[in-house]
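Here are a few exercises to work through with the model open beside you. Try each task before reading its solution.

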Amino acid sequence: MPFHSILFEKNEDGVKKETFEAPDFFVDLNLDQIVDVITRGKEEYNLKPFFYTHLNDIDTIKYRHEIMQDLENEVLLEDIKSFAEKMQEMRKHLAQADKLYYKYQKDRWFLDAVEIYCDAITDLVEDLSSVELKSRGFLAFRQYLMDYINSDRFQLLLSETKKLKADLSTVKYCLLIKGNRVTVRKYESEIDYSTEVEKTFEKFKQEAAKDYKIKFSDWPDMNHVEAKILDLVAQLYPDIFSNLDNYCMKNSDYLDETIATFDREVQFYIAYLEYMALFKRTGLKFCYPQISSKCKEVYNYEGFDLALAYKLINENSVVVCNDFYLKGKERIFVITGPNQGGKTTFARTFGQLHYLASIGCPVPGREAQLFLFDKLFTHFEKEENIKDLRGKLEDELFRIYNILAQATSNSIIIMNEIFTSTTAKDALFLSKKIMGKIIQLDVLCVWVTFIDELAFLSEKIVSMVSTIVPENPALRTYKIVRRPPDGLSYAISIAEKYRLTYNCLKERMKL
């Protein structure tokens with residue numbers, strides 16, 4: 001199949017409109033933090049839209065997996081990075097040419113940019129020819145490059161660039177400066193007496209003398225005197241500079257659009273691989289998940305929250321991994337247990353894993369099988385908005401209603417600690433009603449709650465509990481395990497830790 005994109009095998013997928021706004025669930029799942037770190041330092045490529053658009057096609061996900069696996073070859077990765085650096089240098093030259101004022105100086109910067117481009121293409125073809133490629137994407141791209149480099153268009157561009165550079169290198173001239181008058185003429189092989197003069201006066205040298213030589217500025221802009229001299233030089237070599245004029249006009253659109261697109265799109269893979277490397281260096285694992293749009297038996301072993309792990313690694317703290325699986329008719333995780341025990345982190349991990357898998361990226365964990373969803377919904381606690389005149393409970397019900405109205409059997413819903421603003425009795429009543437709808441929809445769901453009764457409502461529900469250190473209930477293991485809820489909140493241990501028990505408060509009040 002002809003090459004169109006390193007992100008999409010099919011041309012019709014590649015021309016999809018990019019998503020420039022982050023999905024609504026990004027903040028709840030901390031995916032905004034993850035993408036910010038991944039794309040940091042690569043702003044010129046505008047990579048975020050690639051991370052904002054999830055795929056609906058499993059074959060495209062596999063297409064990206066193959067490319068990512070090819071790029072795990074360090075030789076290929078360095079070859080692509082080298083190509084990217086040359087393309088960056090080319091763009092810098094073009095940007096500088098746009099900033100300059102004088103025509104011939106602009107033309108020379110343009111010529112240098114094209115030369116860098118030609119070198120980048122020829123070097124990349126040579127590099128890709130000497131490395132083993134397995135992915136459909138890179139094999140097709142290599143063939144595209146070989147066809148392009150052998151095309152009349154590129155060969156003409158290359159030959160004209162080389163000839164013009166060679167011609168310009170023959171331009172030699174002399175400046176005769178007398179007072180305010182500058183005369184420009186061709187260089188006629190006059191003898192340079194500088195060496196003879198230095199040799200003659202060397203015998204009189206006693207110690208280091210003051211250097212009276214003038215240092216020329218090295219900034220790219222010319223002043224008006226330099227520009228006038230260059231105009232006069234162009235009159236001395238009219239054919240060469242006329243060719244330069246024609247070259248720039250003729251090749252203004254020299255950049256191949258497909259190659260330019262590749263240069264941007266391949267950074268999606270490079271950025272993510274560099275991000276993965278931060279975690280792999282600490283021993284954390286990543287895998288290429290199996291993806292299904294039909295089977296809802298999902299699992300992940302040794303997974304973790306990427307945003308939290310990044311923070312913990314920078315603090316030299318330990319990252320705790322967790323496992324999960326759903327089999328048969330199981331669809332819903334109900335997560336209970338003590339506060340600050342990792343329940344919300346588990347819910348975020350579930351969402352992050354499925355989203356990253358849906359854009360064709362490796363995911364945290366030793367092994368994973370995940371579901372390709374059509375829509376992902378999250379419901380996390382939010383501050384009340386005084387402008388909409390709704391109370392917290394009403395706002396929660398309004399948001400949940402919208403989620404359930406849009407969700408299908410292929411959706412994923414993640415709920416975190418809802419109905420905390422009402423009584424336990426009302427929270428249980430409302431939760432049962434919503435759970436019934438979720439069960440009816442047959443969606444995959446993670447529900448973090450303080451209501452243990454939800455874990456027993458259906459065979460589709462799996463109970464998972466955050467755990468503590470048995471010897472010290474105040475300490476959390478951050479491990480989430482499959483087991484029935486124990487009905488213990490361990491709130492007393494937190495109160496003791498912060499000296500907020502009844503006895504502690506009485507003692508402090510006496511002071």
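**Exercise 1.** Work out how helix 4 and helix 7 are oriented to each other in this predicted model.

*Solution.* Start with the geometry: the two helices pack at an angle of about 75 degrees, and their axes lie 7 Å apart. Next, recall that angles of 65 to 115 degrees count as roughly perpendicular. Helix 4 and helix 7 are therefore roughly perpendicular to each other. Finally, find the residues that meet: on the helix 7 side they are Arg-136, Gly-137 and Phe-138, and their partners in helix 4 include Asp-59, Tyr-63, Ile-67 and Leu-71.

**Exercise 2.** Find which residues of helix 7 are buried, and which helices they pack against.

*Solution.* First locate helix 7, residues 136–149, which reaches 20 Å from its first C-alpha to its last. Its buried residues include Phe-138, Phe-141, Leu-145 and Ile-149, but also Arg-142.

**Exercise 3.** Describe the largest nonpolar core and what builds it.

*Solution.* Begin with its extent: this core has 121 residues, and Leu-71, Tyr-117 and Tyr-272 are among those with the most contacts inside it. Helix 6 (residues 103–129) gives the most, with 13 residues. Now check the domains: domain 1 and domain 2 each supply at least three residues. To see one member in detail, select Tyr-272; beyond its neighbours within four places in sequence, its contacts include Ile-38, Phe-51, Met-68 and Pro-362. Last, look for a second, separate core: this one has 26 residues, including Ile-403 and Trp-447.

Methods:
Residues numbered from 1 in each chain as written. Predicted model: local features only at pLDDT ≥ 70, side-chain atom pairs only at ≥ 80, totals over all residues. Heavy atoms only, no water. Core = buried A, V, L, I, M, F, W, Y, C linked by side-chain atoms within 4.5 Å. Buried < 20%, exposed > 50% of the residue type's maximum accessible area, 1.4 Å probe, protein only. Helix = DSSP H or I, 4+ residues; strand = E, 2+ residues; numbered from the N terminus. Domains from an automatic or database assignment. Contact = heavy atoms within 4.5 Å. Expected span 1.5 Å × (residues − 1). Axes fitted to C-alpha atoms, helices over the stretch in contact; angles between N-to-C directions. Parallel < 35°, antiparallel > 145°, perpendicular 65-115°, else oblique.
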